[in-house]
Amino acid sequence: MHDDSAIQISSRFRCVQTCLFAFSLVIASSVSAEDVRLQNSWKKNAFVSEIWEINGTDSRNNPLRRQLESPFTGDELFVRYRIHYAAESLDTPADDEGEFFVLWLDQAEGNDGSTHSGNVPNVGLHVDGEQNRFMIRFSSASQKFAGEVTGRKERLLVARLWKSRPGAQLPFDQLDLWVDPSPEELRRPHVSAASPKAISVVNWIGFSTGAKTEVEDRIRVRDLALATSWNRIMGLPSETTPTPPGKIVRTVDFDAHVVPILKDRCFGCHAGEDAEIRLDVYDEVLNRTVPFQASASTLIQAIESGKMPPDEEPSLDADQQKVLRAWVNEGVTWNEATLPTPVPDSDHWAFQPIVRPDIPVVTGKDWIRTPVDHFIAAEQERIGIEPAPEASPSVLTRRWSLDLLGLPVSGDAADPESLMDDAAFGVRWARHWLDVARWAESNGHQHNRFRPAAWRYRDWVVDAFNNNMPFDEFLRAQIAGDELAPATGDPDGRLIATGFLSAARYSGNELDKRIQRNDILVDVVNTTASAFLGLTLECAQCHSHKFDPISMRDYYRMQAFFAGGQPGNVSLSEAEASARPLADQRQAIFDQTYARLVRVRERRGLPNASLVTPSTVIKGISSADRGRFGTLERELKLFPQTWAFYAPSTARHARTVLPQEMRWPLPNAPRTLEDVECRLLLRGDVNAPGPQVYPGWPRVFGDSQPGTHPRTALADWMTGANNPLTARVWVNRIWQWHFGRGLVSTSSDFGTQGAKPSHPRLLDFLASELISHNWDSRHIHLLILNSATYRQSSQFSKHNEERDPDNLTWWRWEPRRLEAEAVRDCILAVSGQLDRKRGGPSETDSGKSVRRSLYLRQHRERLPEQQNLFDGSNAVVSCTLRRVSTSPLQPLWLMNSSFTQTAAQKMADRFEKVNEAFLECLGRQPTLEESDLLSEHTMNHGAASTMLILLNTSEFLYIP
Amino acid sequence: MTELNRRTFQAASGLGAASIALQSLLADERSDRRPHHAATARSVIFLFMSGGPSQVDTFDPKPALAELAGKDVPESIARNVPPIKRAGLKNLMASPWKFSQHGDCGQPVSELFPEVAKHVDDLCVIRSMSHRNPVHGPAECVALTGTSAADRPSLGAWSLYGLGTPNSELPGLLAMNLHTDGMQHPQAAGWGAGFLPSKYQGTVIDPVKGIRHTSMPSGISVQQRTAELDLLKQLNQRHLARVQDHSELAARIESYQTAFAMQTSAPELFEINTESASVQQAYGLDRPETALTGRGCLLARRMVERGVRFVQVRVGGWDAHGNLKGNHQKMADRTDGPVAALLADLKQSGLLESTLVVWGGEFGRTPTMEGLGNGRDHSPAAYTVWLAGGGVQGGQAIGHTDDIGYTVMDHPYRPQDLHATILHATGIDAKQLTYDHHGLIETPVGVTGGNVIPGVFA
């Protein structure tokens with residue numbers, strides 16, 4: 001039979017096995033009629049298989065029956081067979097009386113005319129109203145129907161016969177049916193039937209035709225197999241961990257049976273806030289149980305081993321133990337009404353409402369420029385700190401320019417407002433956000449395939465910053481853009497913004513689609529929570545902690561918001577109408593070819609026959625379709641599209657998902673996404689699903705109302721009046737990007753493990769300013785950029801250093817090195833090479849490009865060399881703050897690379913005088929002494945050598 | 001400022017916790033670069049066999065496979081095979097290679113490796129490595145850093161963070177990716193800094209071209225460069241004097257001196273023509289199949305000779321999905337001679353005593369045939385690595401697999417255990433080497449931990 005553990009069927013019914021094709025009984029019998037006899041069986045190789053063709057007799061008949069090698073009394077039996085009902089054979093009540101045909105599983109063989117009905121499981125088809133439909137039943141009075149039988153196609157029927165209460169003597173009272181199932185559908189039978197009275201042993205199987213089955217009907221069956229597990233019946237690799245059953249018949253009622261035991265025997269020690277281990281809280285019970293696996297649950301182990309209750313108390317009696325064991329095996333149900341999960345009552349600072357503080361009164365009023373300074377000065381005055389004097393105008397201009405544009409100032413002195421009007425502002429500041437969004441243009445992991453349409457999100461972020469998009473809108477578009485109505489005059493912007501979610505990294509070589517999808521959800525949840533809420537949720541993926549306000553269920557509730565969608569190349573609105581038919585045509589050719597290749601592989605007896613890589617499918621396209629397919633591929637690539645996160649069931653407008661190049665891409669199956677069901681995963685393992693969860697934000701923030709558009713609801717909550725985190729996290733990021741360090745130094749972790757704010761009232765002031773100014777980020781920028789705090793020079797003070805060695809009170813400006821991108825951009829700018837063009841597909845890093853670094857292709861983990869050397873963000877995970885490292889490889893690049901050598905030569909050509917170059921590079925005139933030194937060097941070694949030195953100075957590479 | 005003053009300040013300002021967190025954020029240098037215990041290895045050479053060499057065809061002989069060839073995996077074993085896609089249970093395939101005993105210890109080695117087999121008395125073979133990831137890229141990250149997420153530091157980065165490097169004129173962590181023509185792209189897990197500061201990241205070098213940007217641009221004399229560096233130093237020191245008290249700027253000035261020194265010593269490292277003809281021949285530089293791997297191995301020896309802390313030589317191509325025989329024979333031809341030459345060379349010069357050599361891939365392969373192609377599929381359920389030198393007790397094998405080499409029967413070890421073992425040799429206790437990653441105290445073995453594999457060291 002199918003494999004070694006499959007149920008053995010004795011020899012009378014041999015050869016019904018995998019795969020096609022055909023010598024029918026007709027041939028066999030005509031040969032045996034001769035006096036020349038053949039031996040028992042054919043010699044076969046892999047390219048043949050056996051099909052039974054069955055005809056009706058207009059009355060009950062059992063043309064094929066076979067005994068199992070030994071009677072089966074286990075708890076669960078799977079059976080499968082493939083059926084093709086010739087189209088011309090099918091009739092319905094409209095033209096005749098319809099059809100009937102079943103496989104039965106019985107304890108006795110019966111004879112040709114036996115009915116095998118009444119407490120006998122039947123798996124087949126029957127007429128239902130005006131249609132013939134696939135059917136299961138225990139008796140003719142209790143038929144359950146699945147999809148319609150059509151004659152055009154062979155169908156795989158898989159049934160599961162099982163006992164809701166295990167035991168050899170107990171009945172097989174449950175029957176599930178799948179028609180053409182996919183491997184992950186174990187827990188989702190297409191139809192189920194139940195009967196309290198049923199056989200308890202299977203000894204014979206056979207096919208029945210009936211009065212409705214005509215003599216000329218041609219019913220082909222093949223590939224019959226029995227097995228004890230889903231994986232075996234589906235031809236999947238075997239599993240060692242038990243899988244939760246599809247439908248649990250509950251024998252245990254939580255309130256009636258479980259709660260009394262817990263109350264009576266456990267809660268004395270294990271309930272209430274002071275208990276070390278709580279059994280009155282669902283999340284903590286889940287830490288100690290494995291749903292559906294009592295034996296693997298530490299709670300059950302402790303009870304059954306007699307460890308609990310402790311020595312001085314009697315053990316639980318056998319019935320009580322049985323109840324708890326069954327409760328776990330039936331999935332650990334819980335009644336929140338009886339034992340509600342306590343709303344975590346956290347006094348953690350970041351979870352408290354944002355209250356606008358009074359602006360502190362300070363003595364040194366002359367110094368104050370914006371309200372920010374009040375908060376800074378108050379702290380400085382408290383510990384006796386004198387702020388540094390204001391930086392010189394030239395330093396200030398250079399600081400603003402490098403900070404806001406990532407380019408040295410050119411031309412007239414500029415103020416923050418006018419610099420922020422320069423489109424280079426968005427190019428500079430988008431990079432900060434792209435770090436947080438772990439954005440890149442490739443898939444990551446092993447194959448790391450390019451995502452050619454990912455650049456649109458990068459451009460959307462640039463434009464959002466340049467247009468000063470309100471932050472709440474910025475957030476909503478990125479979290480829920482596909483669910484939202486398009487903005488006026490911008491039909492695609494919000495869809496493109498979901499590039500934040502789709503920037504998730506996942507393995508394009510993962511065969512297990514559950515793992516692939518779970519990896520994406522994990523990445524999306526972790527990044528969304530840390531980027532916008534400053535919450536690091538990773539740990540809650542595997543366990544809840546009593547002292548941590550975020551539980552494991554909270555984590556999976558967050559996942560459920562995103563479960564209906566996935567990343568993909570989604571067509572833009574202008575292309576939608578014309579792209580869809582072409583995409584459908586392409587998909588049809590692909591699907592046909594795939595189906596054919598799978599059939600061939602099945603015929604050859606290959607294991608995992610359904611695992612065919614897309615590239616193999618494409619190579620296998622028939623010559624008739626090949627040309628057309630190639631044309632479609634080329635045309636589809638040209639359609640405007642974006643790498644988006646798209647949920648077909650909740651999207652505002654249906655969009656076409658265009659092909660995506662990957663070794664094992666995510667399946668493009670909107671239906672699968674629609675009824676995806678979210679479960680808590682024990683230890684984060686997709687093979688260990690726990691109870692089902694529904695979208696919801698962490699309970700510590702109150703009740704959730706997810707509604708029909710889950711991510712819109714999430715975004716509404718994140719930007720809602722009561723959310724304590726979003727505004728704080730965003731203003732802190734702005735502060736950090738201006739000063740190199742946040743008011744909260746762990747800018748993506750506002751949780752209990754993160755740092756506390758150095759200036760909590762300033763943080764809340766800025767957060768409340770942001771909200772009261774309709775989330776106007778520019779308002780926050782200007783409060784900071786115009787502040788006396790920001791305008792300080794870097795002048796050192798021994799007095800201050802003694803009181804605040806780490807400059808936590810911001811008593812001076814700390815020069816900080818430019819990021820990798822700005823280093824390169826500044827060199828291109830001063831050498832007159834920079835191409836300031838914005839937007840469009842990225843350029844590959846050939847070393848020749850002179851565009852701004854933002855537009856160099858960002859291949860995950862394989863950054864352009866210079867970005868790697870200067871601490872660029874590799875987009876593996878969200879990067880909240882670039883570290884600055886100093887290694888000898890940096891000077892080697894700065895001195896010896898052809899990039900800097902070329903730039904130095906261009907500068908030598910560009911500037912007549914060294915002093916001009918000096919001004920351009922450093923934003924000031926050289927001192928007399930510097931001027932002399934540089935002139936002398938130029939005389940000895942040439943202008944290019946001097947230019948190279950300028951590019952290597954700390955002053956050039958640091959924001960002053 | 002004294003420690004007392006600082007604490008007084010923190011108490012006064014109410015900023016204690018924040019400032020402590022901040023210090024760890026800004027800390028770029030560790031002052032306590034001392035080993036936790038006496039090291040048995042100064043350097044590590046990791047010979048990473050990418051693609052997944054088959055354990056049952058190399059160092060873990062399974063005679064039962066020949067008897068069971070063509071049959072399914074026995075149920076007693078099948079039930080222990082973890083639920084991993086592509087873990088085939090049908091059609092067991094015998095090894096095409098014979099095993100025979102070698103050395104004084106009599107350890108069996110496949111005839112694939114006649115040269116390495118001569119060193120078996122120096123090898124500690126661990127046959128019971130296991131993890132759960134069957135996909136090359138993520139599995140490479142698991143094998144090298146403990147998780148598949150590719151966000152953790154490489155072992156080399158940890159060792160630089162923990163110990164620094166004895167030779168500041170060469171990068172302390174060098175990686176060579178040889179034969180990367182296959183489907184398995186080299187993962188930064190082999191040299192990346194992960195969440196550690198990027199100064200600890202390894203330098204990937206081309207074994208022929210050397211370290212990038214170490215050659216002087218054309219037309220620039222040493223004299224001119226010296227003048228450039230002198231003037232630059234003057235300008236940078238003036239700048240530092242204006243800013244004052246900025247350790248990063250001071251370190252930057254210093255880095256130019258180191259860079260210049262590196263510019264001198266790095267090209268010398270690659271001058272393998274200075275090696276004798278017999279050495280070059282031993283490494284197989286004169287034969288096309290061994291030339292590249294031989295060069296990598298010889299460079300690895302030259303690197304550790306010069307005090308480089310950690311070298312990874314990654315040889316791609318072991319992914320024998322079809323035609324196992326052809327694939328593994330080709331890979332053995334590529335590696336057997338050079339690896340044996342490296343061991344012999346290190347031993348002869350005494351360097352093997354202070355150099356830990358590690359050989360292994362990201363996973364093993366199934367004992368079953370994949371499809372009908374006479375190859376084997378990926379299998380992380382059991383795989384083999386070996387260690388030599390650096391205090392390792394050679395001539396032994398640790399752990400057992402089942403009769404067909406599919407699953408681990410005893411002494412199961414995870415990659416984290418191997419990592420703890422490698423770091424242990426260099427004097428690092430993997431549980432005590434900590435780094436504050438945004439408030440999460442990280443160690444080389446992560447939250448799941450890892451232990452030094454007992455019995456590895458003499």
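Reader: Okay, so two residues are in contact if their C-beta atoms, placed from the backbone, lie within 7 Å. What kind of model is this?
Author: A predicted model: local features need pLDDT of at least 70 and side-chain atom pairs count only at pLDDT 80 or more, while totals for chains, interfaces and linings use all residues. Residues are numbered from 1 along each chain as its sequence is written, and chains are lettered from A and ligands numbered from 1 in the order in which they are written.

Reader: How many helices and strands in chain A?
Author: Chain A has 34 helices and 19 strands. Both are DSSP runs numbered from the N terminus: helices are H or I with at least four residues, strands are E with at least two.

Reader: And what box do its C-alpha atoms fill?
Author: Roughly 120 × 80 × 50 Å, taken along the principal axes. Of the 960 residues in chain A, 49% are buried. Buried takes 20 or more other C-beta atoms within 10 Å of a residue's own, exposed takes 12 or fewer, and partly exposed is in between, with C-beta atoms placed from the backbone. Among chain A contacts with a separation of 6 or more, 70% join residues 24 or more positions apart.

Reader: Switching to H32(A). Which residues are buried there?
Author: Leu933(A), Leu934(A), His937(A) and His941(A). Seen down the axis of H32(A), the buried residues fall within an arc of 95 degrees, so they line one face of the helix; the arc is that of the directions from the helix axis to the C-beta atoms. On the other side, Leu928(A), Asp932(A) and Met939(A) are exposed.

Reader: What do those buried ones pack against?
Author: Helices H31 (914-922) and H33 (943-952) of chain A, together with H7 of chain B.

Reader: Why does the span of H32(A) agree with its 14 residues?
Author: Because at 1.5 Å a residue they should span 20 Å, and the end C-alpha atoms are 20 Å apart. The expected span is 1.5 Å times one less than the number of residues.

Reader: You mentioned chain B. How many of its residues are in contact with chain A?
Author: 74 residues of chain B, against 70 residues of chain A. On the chain B side, helices supplying at least two residues each include H1 (3-13), H2 (16-26) and H7 (222-243). That side divides into 35 nonpolar, 26 polar and 13 charged residues. Nonpolar means Ala, Val, Leu, Ile, Met, Phe, Trp, Tyr, Cys and Pro, charged means Asp, Glu, Lys and Arg, and polar means the others, Gly among them.

Reader: Where in chain B is Thr58(B)?
Author: Thr58(B) sits in the loop between strand S1 (43-49) and helix H3 (64-68). With 29 C-beta neighbours inside 10 Å, Thr58(B) counts as buried. Beyond neighbours within four places in sequence, Thr58(B) is in contact with Pro53(B), Ser110(B), Leu112(B), Phe113(B) and Thr384(B). The C-alpha atoms of Thr58(B) and Val109(B) are 6.3 Å apart, though 51 residues separate the two along the chain.

Reader: Last one: which residues of H23(A) meet H24(A)?
Author: Leu766(A), Glu769(A) and Leu770(A), and they meet His779(A), Ile780(A) and Leu783(A) in H24(A). These contact residues divide into 4 nonpolar, 1 polar and 1 charged. The buried residues of H23(A) also pack against helices H7 (371-382), H12 (471-480) and H22 (726-739) of chain A. Just past H23(A), Asn774(A) has a positive phi of about 55 degrees.
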